[in-house]
Amino acid sequence: MLKPLADRVVLRVKEEEEKTVGGIVLTSAAQEKPRTAEVVAVGAGKRNEEGNLIPLEVKVGDTVIFSEYGGSKVKVEGEEFLITRESDLLAIL
């Protein structure tokens, strides 16, 4: 499994399928809303100017909303993950 460094988190993106009132399925690309993901790994945190470790607010198992254009996609053992900084996360659900 991936072990993120510093203030980075590893996310398993949830594919969301939406239907219109008429029953038309919209792909995630056609939806104009932030995406959700499950946090699968977190880094130790970021150090401040004094060298003190500031831990992350998110933890493994949290469901988060993240910015669509942040992070880097990686594939490990056939599964795709997104690695992003905690600052790219918008909220914890």
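Is Arg8 buried, partly exposed or exposed? In this predicted model, Arg8 is partly exposed, as its relative accessible area is 28%. The report below sets that residue in the context of the chain.

## Overall composition

The protein chain contains zero helices and 10 strands. Followed along the sequence, the pattern reads β-β-β-β-β-β-β-β-β-β. The chain has 93 residues, of which 28% count as buried.

## The six-stranded sheet

Six strands form an open sheet in the order β8-β9-β1-β4-β7-β10, and the pairing is antiparallel. The edges are taken by β8, residues 72-76, and β10, residues 89-92; each has a single partner strand, so one side of each lacks a neighbour in the sheet. From one strand to the next, the twist averages 45 degrees.

## Strand pairings in detail

Strand β1 covers residues 8-13 and strand β9 covers residues 79-85; the two run antiparallel and are joined by four bridges. Within this pair, Arg8 has Arg85 of β9 as its bridge partner. Strand β1 also pairs with β4 in the antiparallel sense, over five bridges. Here the bridge partner of Val13 is Ala37 in β4.

Strand β4, residues 35-42, pairs in turn with strand β7, residues 63-66, in the antiparallel sense over four bridges. Two positions illustrate this pairing. Thr36 has Ile65 of β7 as its bridge partner, and Glu38 stands opposite Thr63 in β7.

## The largest pocket

The largest pocket holds about 180 Å³ of space. Its lining consists of Val13, Glu15, Arg35, Phe66, Glu68, Gly70, Gly71, Lys73, Glu80, Phe81 and Leu82. Strand β9 makes the greatest contribution to this lining, with three residues.

By residue type, the lining of the largest pocket comprises four nonpolar, two polar and five charged residues.

## Selected residues and contacts

Arg8 is located in strand β1. The C-alpha atoms of Arg8 and Gly45 are separated by 7.7 Å, although these residues are 37 residues apart along the chain. A further pair of this kind involves Gly61, which lies in the loop between β6, residues 53-54, and β7. The C-alpha atom of Gly61 is 6.2 Å from that of Val40, and the two residues are 21 residues apart along the chain. Gly61 counts as partly exposed, at 43% relative accessibility.

Thr84 belongs to strand β9. The relative accessible area of Thr84 is 5%, so this residue is buried. The side chain of Thr84 is joined to that of Asp88 by a polar contact of 2.9 Å.

## Residues with positive phi

Most residues other than glycine have a negative phi. Against this background, two residues may be noted for their backbone angles. Ala6 is not a glycine, yet has a positive phi of about 50 degrees. Ala6 is found in the segment before β1 and counts as partly exposed, at 34% relative accessibility.

Glu77 also has a positive phi, near 50 degrees, and is a residue other than glycine. Glu77 lies in the loop between β8 and β9. With a relative accessible area of 79%, Glu77 is exposed.

Terms used:
Residues are numbered from 1 along each chain as its sequence is written. This is a predicted model: local features need pLDDT of at least 70, side-chain atom pairs count only at pLDDT 80 or more; totals for chains, interfaces and linings use all residues. Side-chain values use heavy atoms; hydrogens and water are left out. Two strands pair if DSSP finds at least two bridges between them. Axes are lines fitted to C-alpha atoms, for helices over the stretch in contact, and angles run from 0 to 180 degrees between N-to-C directions. On a 1 Å grid over the protein atoms alone, a cavity is a set of points where a 1.4 Å probe fits but cannot get out, and a pocket is an open set with protein on both sides within 12 Å along at least five of seven lines; lining residues have an atom within 4 Å of a point. Grid points are joined across faces, edges and corners, and a volume is the space filled by probe spheres set on the points. Ala, Val, Leu, Ile, Met, Phe, Trp, Tyr, Cys and Pro count as nonpolar, Asp, Glu, Lys and Arg as charged, and the others, Gly among them, as polar. Buried means under 20% relative accessible area, exposed over 50%, partly exposed in between (1.4 Å probe, protein chains only). A polar contact is a pair of N or O atoms within 3.5 Å; within protein, one must be able to donate a hydrogen and the other to accept it, and residues adjacent in sequence count only if both atoms are side-chain atoms.
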